[in-house]
Amino acid sequence: MTRQTADLFKQGTLDLLILRLLSSGSLNGWDIMQRIQLTSGEVLSVTPGALYPALHRLEARDLISAIWRPSDNNRKAKFYGLTARGRKQLETQRKEWERFSGAVNLIMKDA
Amino acid sequence: MGLSNLFRRLRALTNKKELDIELDEELKFHLERDVEQNIKSGMAPDDARNSALRAFGGVDQSKEECRDARGVSLVENTLRDISYSARVLLKSYAFTIVVVLTLALGIGANTAIFSFANGILLRPLPYPQSDRLAVLEETARRGEEFSPVSYPNFLDWREQNTVFEDVAVHFGTSRYGLSGAGEPVEIRGSRISHSLLDVLRVSPQLGRTFTADEDRPEQDGVVIIGHELWQKNFGGDTDVLGKQIVLSNRSRTIVGVMPRGFRFPEISELWVPLALTPQTFTRTDHGLTSIARLKDGVTIAQAQAEMHNIAARIEQQNPVTNEGRGVRVTSLHDNLAGDYREALLILLGVVGCVLLVACVNVANLMLGRATARQKEFALRAALGASRWRIVRQLLIESLLLAIVGGALGFALSLLALHLLLNAIPIQLPFWMDFGIDLRVLVFTLGITLLTGLIFGAIPALQTSRVDLNDTLKEGGRGSSGFRGRSRSALVITEIALSLVLLVGAGLMIQSFLRLRQVNIGLDAKNLFTATVLLPRAKYREPQQRITFFKQLVERVRNVPGVEAAGATGTLPLNGNNWGRSLTVEGYPVLSVGQAPSIQHTVVTPGYFRTMGITLLAGRDFTDADTFEALKVTIVDERLARHYWPNDSAVGKRVRFGPPENNEPWHTIIGVVKSVRHERVQQDTDESVYLPHLQIPTPNLTLVARTTGDPNDMTGAIRREVAQLDRDQPISEIATMEEVVAESIWQPRLYAMLFVVFAGGALVLALIGIYGVMAFLVQTRTHEIGVRMALGATARDVFKLIVGRGMKLTVFGIVIGVAGAIGLTRLMHSLLFNTSATDPFTFIVIAILLSVAAFLACYIPARRAARVDPLTALRYE
């Protein structure tokens with residue numbers, strides 16, 4: 001399997017992944033990038049050029065909010081967390097995603 | 001999200017720097033973590049750094065995208081666009097100046113007319129809660145006619161109604177001679193019922209209003225004065241209360257001073273009690289104006305319904321005097337402004353059309369410019385500017401132009417309004433206030449932005465539709481055909497609009513000229529007029545008045561340069577008319593409600609000859625027609641024909657006043673040509689004249705026919721008056737021509753404005769058609785060269801270009817004529833003896849416009865015809 005880059009993602013997909021990762025606790029940008037890579041078993045990766053604008057966009061839409069606090073290397077970093085709206089949005093998008101991927105899978109198996 | 005989002009955007013804008021630093025920090029942290037990890041996996045520090053930067057990609061690009069995500073870019077880009085637009089516009093300053101001036105004139109004219117209309121129609125009257133004020137008028141003949149109010153009727157209304165807080169009346173504006181406070185002067189004042197100032201809710205700044213007791217004969221020796229009068233004649237002295245002044249030879253005590261700026265009605269600045277009784281001013285005497293204040297929550301319609309019932313009740317109790325009499329309730333503002341409303345709305349429409357033509361013209365210029373700038377846009381698009389960004393850029397340029405034009409227009413409007421008001425020969429009523437208020441500012445801002453959008457949208461949309469690739473390939477001249485079409489459409493619009501306005505102006509001029517030519521029944525040339533108001537107290541005896549005026553007329557007749565002299569109670573077209581009912585012997589006696597009201601004029605012998613009013617039959621009054629002699633009268637031609645169509649009126653008898661009064665019969669001794677007393681436009685009044693020797697009124701207007709300029713006589717005539725009575729002022733000195741001109745100031749002003757506006761629209765339209773033709777010639781030089789090389793003569797080329805221009809003109813005229821036929825109907829009420837679809841006007845204007853358009857095409861066509869084929873082929 002080749003490694004996918006986030007550029008191939010549809011924007012909505014990246015947003016969904018970010019929301020999902022943040023749903024279990026706040027993370028900074030670098031953490032999010034690592035998590036996507038690690039959790040997808042190195043299959044997916046996202047460039048900072050795509051990630052940071054996405055984060056700022058989500059923040060502007062009030063789906064996530066940010067605070068500055070020390071990270072584990074004791075430097076201050078910007079940590080993002082889900083807002084109530086973000087949590088709701090994640091729920092809707094997750095359901096949609098499941099329906100969509102389920103449908104794609106059905107076709108893939110049958111064909 | 002709305003609010004927090006807005007907050008974030010605001011913060012993004014105001015704390016731009018802080019946020020940028022934050023973004024730097026965030027990205028730096030990311031890079032450092034990468035470097036840290038690379039070092040951990042064994043890289044050298046330098047390699048670790050380079051590798052991290054490589055992995056990150058374009059840092060600056062990411063930053064830009066983050067900024068975009070924050071939403072700061074919209075505002076920032078707009079600001080950038082504005083400064084770019086300003087630079088672009090300054091660079092092509094010739095274009096900018098033309099556009100700004102065109103817009104300034106259009107917006108300025110609109111703001112001026114709007115301010116004028118605002119001062120009359122929209123601005124609330126200068127009394128507290130003025131929207132609750134109503135006017136009560138009597139209606140006669142079951143609502144067919146309106147008339148002033150009689151005192152007993154007013155008393156009944158006041159007592160019986162439940163819809164008004166209070167009802168008051170006044171006696172209009174009269175003149176008072178004021179002595180005992182400096183020079184004797186003549187002041188406009190009014191007799192008012194005691195509660196009038198309370199109805200208006202204006203309290204005196206000093207002293208008090210009248211009491212009910214003072215509103216009675218013999219107890220009314222009091223007066224309230226206006227602020228300006230107080231300042232001017234009493235030095236603003238607070239001791240003025242209780243001071244005695246002599247008003248028209250009657251002593252009165254000052255009890256109050258009204259606040260600054262207060263006048264009522266119209267221009268009165270002095271008030272005395274009405275002091276009438278139902279006996280002295282009966283139900284058949286109509287002369288009062290009634291003002292009432294509606295109770296809270298009561299509508300005009302509700303008040304009307306109740307007043308209708310009250311009037312019916314009064315009619316039932318007084319069947320003779322009140323037959324057919326009703327009441328009409330209207331809002332005070334509507335009542336005052338009603339005469340002007342229609343004309344003002346039409347003028348607003350006309351001046352709006354001018355602005356539309358200006359917009360079209362500017363759009364046309366913008367299109368031409370956009371064509372020239374196609375390469376610039378194509379380049380910007382190629383460099384990554386979105387189509388929306390380019391459209392926005394054009395819109396911002398338009399709005400910028402509009403705003404500058406609007407600001408200049410606003411300044412111009414102040415000047416224009418000043419000129420407009422100076423063109424009005426009468427003193428406008430005090431309630432009209434033409435100052436700039438919020439409404440005017442909002443209006444100006446509104447039309448400015450609207451204008452920017454209208455003339456900006458067309459070129460912007462055009463540009464956005466053009467295929468940028470084609471443009472680049474064709475070197476920026478490819479789509480001129482397309483542009484040409486929309487520019488043609490704009491020219492057609494301009495021509496059509498101008499035609500409508502020109503036809504309107506043509507009709508107004510024609511109507512005004514016809515009004516000027518109306519034979520008003522007298523010769524207004526070289527006629528001096530001046531009013532003499534004898535104080536009743538000093539000239540109590542009728543014989544005193546008779547002697548004074550007889551001597552005065554005699555003396556004036558002997559002044560060198562005076563051919564003839566006389567005097568009259570009411571000068572024609574002067575607005576002061578006196579109508580009474582009339583009974584003709586041999587005709588059934590009509591009740592008051594049905595008898596026609598006839599213009600009554602008291603005159604001295606020699607008046608008709610002086611005025612040039614032709615005596616058609618019988619004789620003029622003489623000094624022999626004294627009080628003791630036979631009661632005589634002279635009637636006008638119209639009345640004579642009405643009652644004695646086949647017979648001479650001379651020798652017949654008539655009687656004036658209400659039938660039950662049984663006034664003495666007057667024998668008709670002469671018939672004169674009818675004079676237009678009321679309005680130049682109106683030829684329906686019937687008139688009777690009475691000799692001053694038999695009806696010795698104290699107020700007469702002196703008339704003198706002069707051999708030279710009547711204005712030169714003022715000094716001499718003043719001297720004659722002073723020799724008879726040193727304290728006697730004369731007023732309203734004017735030539736009869738001025739009196740006539742003043743009576744038609746409205747049609748004159750409207751015609752003038754129509755001409756100015758239509759002229760402006762015509763000039764703009766011609767500039768428009770010239771511009772399009774010149775553009776056409778310029779872009780088709782190559783084609784013209786080919787044609788000429790193939791054998792076309794200069795004449796052919798000339799015909800081609802002019803033909804193109806005239807085709808547009810004819811289209812415009814056809815559309816314009818169709819529009820004018822529909823629109824000029826609306827101005828029907830402004831026209832006198834002129835049909836709104838007068839074919840002559842239409843044809844003349846269409847020809848005029850065609851000739852003008854031909855001239856506008858002529859110059860570019862000549863240029864085209866002179867094209868040298870060789871140069872043209874090399875062109876581009």
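View 1. S4(A) and S5(A) are joined by seven bridges in the antiparallel sense; strands are DSSP runs of E with at least two residues, helices are runs of H or I with at least four, and both are numbered from the N terminus. Two strands count as paired if DSSP finds at least two bridges between them. The open sheet has three strands in the order S2-S5-S4, with antiparallel pairing. Strand S2 (27-28) and strand S4 (64-70) of chain A stand at the edges with a single partner strand each, so one side of each lacks a neighbour in the sheet.

**View 2. Contact between chain A and chain B.** In this interface, 15 residues of chain A are in contact with 20 residues of chain B, contact being C-beta atoms, placed from the backbone, within 7 Å. Helix H2 (29-39), helix H3 (48-60) and strand S5 (76-82) of chain A each supply at least two residues of the side that touches chain B. The largest share of that side, seven residues, comes from H3(A).

**View 3. Strands S19 and S20 of chain B.** S19(B) and strand S20 (residues 666-672) run antiparallel and are joined by two bridges. B:Thr667 in S20(B) is the bridge partner of B:Arg653.

**Notes.** Residues are numbered from 1 along each chain as its sequence is written, and chains are lettered from A and ligands numbered from 1 in the order in which they are written. In this predicted model, local features need pLDDT of at least 70 and side-chain atom pairs count only at pLDDT 80 or more, whereas totals for chains, interfaces and linings use all residues.

Conventions
Two residues are in contact if their C-beta atoms, placed from the backbone, lie within 7 Å.
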